[in-house]
Amino acid sequence: MSGAPVGRFAPTPSGRMHLGNVFAALIAWLSVRSRNGSLVLRMEDLDTQRTSEAFAQTLREDLLWLGLDWDKETEPQSRRNQVYQQYFDKLDALELLYPCYCTRSQLHSVNAPHLADGTYVYPGTCRNLTEAQKAAFGRAPAWRVKVPDRNWTVEDHIQGTYQENLATDCGDFVVRRADGVYVYQLAVTVDDGEAGVTEVVRGMDLLSSAPRQMYLQELFGFPHPEYAHVPLLLAPDGRRLSKRDQDMDLSALRQKMKPEQLIGILGYTAGLLERNVPISAQELAAEFTWKNVKKDGICLDLSAF
Ligand SMILES: [Zn+2]
């Protein structure tokens with residue numbers, strides 16, 4: 001890949017950033033800024049019930065407080081339905097889409113094979129419905145894209161090689177829900193592709209999404225970005241830190257410490273610093289290298305806060 005890297009922040013504006021979000025944002029920023037690249041900010045607000053512009057504004061302020069700036073903010077996902085529709089139509093023109101009428105309980109039945117992350121493998125139940133069968137359901141379907149029996153390899157900067165065969169490990173997946181909302185996988189692929197993103201850095205929980213997105217990138221004609229999936233942050237008891245840990249969100253942390261202290265703790269925890277010392281994001285960029293970023297779940301010493 002030639003030219004300066006283009007990274008992205010893609011937060012969901014549904015509350016204050018918690019430490020896990022901050023950590024992923026920091027690594028995304030460091031990787032790109034250490035090589036004079038640029039960053040795109042995008043609000044992932046497909047779930048309009050849970051998200052708001054007020055939260056989006058707080059997210060921007062929190063990122064800037066941390067010293068994590070960006071070069072351009074692209075349109076939020078909630079306003080891009082017509083764009084997603086065009087890409088959905090492309091899939092339709094390729095004859096890769098079909099309607100799925102399965103109910104949630106059918107999909108989650110005990111007989112369905114499940115992957116390690118809890119997602120089920122769709123067995124293709126609705127692939128060959130007749131027109132009469134479709135009409136008999138009498139309701140709006142979800143739409144699935146057919147996947148090929150082929151291996152996808154993610155060469156992840158942090159996690160190493162991750163492989164998945166979409167046919168056996170995932171099955172045909174939904175790109176538009178029955179209520180007409182385009183799903184995350186399609187929206188992210190379109191948004192990253194159109195913004196020219198060359199590097200996707202995000203939480204480890206999204207690693208298994210990468211092969212689906214690589215498949216859609218290929219169908220839409222976008223180059224594959226590089227990937228880095230950052231480990232989850234864990235409390236000392238091994239529990240994953242989440243939005244429920246409100247003493248670890250930025251509204252609480254901003255009252256307790258300066259941004260340099262928080263960046264120092266995260267840089268040290270990540271493996272980028274040998275000691276826990278206050279440091280700015282700008283200064284930490286000089287220390288950044290993928291090979292030092294820890295791969296497995298990272299236990300945070302909460303007494304540092
Ligand atoms: Zn179905």
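Gln-159 is buried, at a relative accessible area of 12%, where buried means under 20% relative accessible area, exposed over 50% and partly exposed in between (1.4 Å probe, protein chains only). This is a predicted model, in which local features need pLDDT of at least 70 and side-chain atom pairs count only at pLDDT 80 or more, while totals for chains, interfaces and linings use all residues. Residues are numbered from 1 along each chain as its sequence is written, and side-chain values use heavy atoms, with hydrogens and water left out.

- Gln-159 is found in the loop between strand 6 (151-156) and strand 7 (160-165); helices (H or I, at least four residues) and strands (E, at least two) are DSSP runs, numbered from the N terminus.
- Strand 6 and strand 7 pair in the antiparallel sense over six bridges, where two strands pair if DSSP finds at least two bridges between them.
- The hairpin that joins strand 6 to strand 7 runs through three residues, and Asp-156 has Gly-160 in strand 7 as its bridge partner.
- A polar atom of the Gln-159 side chain lies 2.8 Å from the backbone oxygen of His-229.
- For the backbone oxygen of Lys-295, the distance to a polar atom of the Gln-159 side chain is 3.1 Å.
- A polar contact is a pair of N or O atoms within 3.5 Å; within protein, one must be able to donate a hydrogen and the other to accept it, and residues adjacent in sequence count only if both atoms are side-chain atoms.
- Leaving aside residues up to four places away in sequence, Gln-159 touches Met-204, Leu-207, His-229, Val-230, Pro-231 and Lys-295, with contact meaning heavy atoms within 4.5 Å.

**Salt bridges**

- The structure holds 21 salt bridges, each being a side-chain nitrogen of Lys or Arg within 4 Å of a carboxyl oxygen of Asp or Glu.
- One of them joins the side chains of Glu-199 and Arg-35, at 2.5 Å from N to O.
- Glu-199 lies in strand 9 (residues 199-203) and Arg-35 in the loop between helix 1 (19-33) and strand 2 (38-41), so this pair ties together parts that are 164 residues apart in sequence.
- Glu-199 is buried at 2% relative accessible area, whereas Arg-35 is partly exposed at 37%.
- Arg-80 and Glu-75 form another salt bridge, with their closest N and O atoms 3.7 Å apart; Arg-80 counts as buried at 8% relative accessibility, and Glu-75 is partly exposed with a relative accessible area of 37%.
- Arg-239 bridges to Asp-237, the closest N and O atoms being 3.5 Å apart; here Arg-239 counts as partly exposed at 40% relative accessibility and Asp-237 as exposed at 58%.
- Salt bridges that share partners also join Arg-8, Arg-42, Glu-44, Glu-75, Arg-80, Asp-191, Asp-192 and Glu-194 into one network.

**Aromatic rings**

- A search of the whole structure finds ten aromatic pairs; rings of Phe, Tyr and Trp (its six-membered ring) pair if their centres lie within 6.5 Å, and planes under 30 degrees apart count as stacked, over 60 as edge-to-face and the rest as tilted.
- Among them is the edge-to-face pair of Phe-220 and Phe-222, at 6.3 Å centre to centre and 80° between the planes; both Phe-220 and Phe-222 are buried.
- Phe-288 and Trp-290 are also edge-to-face, at 5.0 Å centre to centre and 80° between the planes; Phe-288 is buried at 12% relative accessible area, and Trp-290 is buried at 14%.
- Tyr-84, Phe-88, Trp-143 and Tyr-182 form one aromatic cluster.

**Charges over rings**

- The charged end of Arg-176 sits over the ring of Phe-88, 4.4 Å from its centre; the criterion is NZ of Lys or CZ of Arg within 6 Å of the ring centre and within 35 degrees of the ring normal.
- Arg-150 lies over the face of Trp-152, at 4.1 Å from the ring centre.

**Helix 7**

- Helix 7 (residues 184-194) is mostly covered, with eight of its eleven residues buried.
- The buried residues in helix 7 are Gln-185, Leu-186, Ala-187, Val-188, Thr-189, Val-190, Asp-191 and Asp-192.
- Buried residues of helix 7 pack against strand 1 (6-9), helix 3 (81-93), strand 8 (173-176), strand 9 and helix 8 (210-220).
- Just after helix 7, Gly-196 takes a positive phi of about 70°.
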